[in-house]
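Here are some notes to read alongside the model, for anyone meeting it for the first time. Please keep the structure open as you go through the points.

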Amino acid sequence: MSESRAYQSPRRRQQAEETRRAILGAARQLFAERGYAATALSDIAELAGVSIPTLYSSIGSKATIARSLVEFTNEQADIPENDRIQLATTNGPDLLRANAHLVRVLNERNGDIMRALISAAAAEPELLPTVEAGRRYHREGEYAIARRLVEMHALRPGISAEDAGAIITTLALPEVFAQLALVEGWSFDKIESWLAETLIRLLLVDET
């Protein structure tokens, strides 16, 4: 019996992960399409093809599902691969262009769900930890870029790592991306290029 349980355990873990991803995928779609408040747990369970008890045992409440979406959407945007590309850069302009591409990919693939959760948090206090976690993840990533620019001796004189981090964080906010894409009608290519070249002009030593 013990051998049977040991043999089945990896399969059960795989099934549990597949169920979890199905739930998160369903929640991501419904939150973006309908909004957080208008989406019931029963809607998520139905779209995911699971029962409500299974949904609860796999992840938990609707707020817990929303928190889990931060990591889930980062996986969808292939953050590890884009981080690898950034780490492989050896100069300031290439680093900022790689970072601008990461911002573009994240917003292109997940901008709808980010906007939905940020908007809903104004009326749903239970969502505030999720939005704050996303903000913190964003800020930490951009400040890490600023520190690498310091290590590369790429920043203009008088610009500190803290100032550079604040500038990159602000210009790369999802609200800025949404303004340019949805209100101004800019293409993703144009936004990526604008973000990279603007940061290069603002922050880096002029090597021309």
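1. Let's begin with Ser 61, which sits in the loop between α3 (52-58) and α4 (62-76); helices here are DSSP runs of H or I with at least four residues, strands are E runs of at least two, and both are numbered from the N terminus. Ser 61 is partly exposed because its relative accessibility is 31%, where buried means under 20% relative accessible area, exposed over 50%, and partly exposed in between (1.4 Å probe, protein chains only). Apart from neighbours within four places in sequence, Ser 61 is in contact with Leu 41 and Tyr 56, a contact being heavy atoms within 4.5 Å. Its C-alpha atom is separated by 22 Å from that of Arg 136, 75 residues apart along the chain.

2. A word on what you are looking at: this is a predicted model, in which local features need pLDDT of at least 70 and side-chain atom pairs count only at pLDDT 80 or more, while totals for chains, interfaces and linings use all residues. Residues are numbered from 1 along each chain as its sequence is written, and side-chain values use heavy atoms, with hydrogens and water left out.

3. On the whole chain, the secondary structure comes to ten helices and zero strands. Of its 208 residues, 40% count as buried. The C-alpha atoms fill a box of roughly 70 × 45 × 30 Å, taken along the principal axes.

4. Do look at helix α6 (residues 92-121), which bends by about 75° at Asn 110; the bend is the angle between axes fitted to the seven residues ending there and the seven starting there. With 30 residues, α6 has end C-alpha atoms only 36 Å apart, short of the 44 Å that a straight helix would reach (the expected span is 1.5 Å times one less than the number of residues).

5. Is Arg 28 buried or exposed? Arg 28 counts as buried, because its relative accessibility is 11%. This residue belongs to helix α1 (residues 2-34). Not counting residues up to four places away in sequence, Arg 28 touches several residues, among them Leu 69, Asp 112 and Asn 110, and Asn 110 is where α6 bends.
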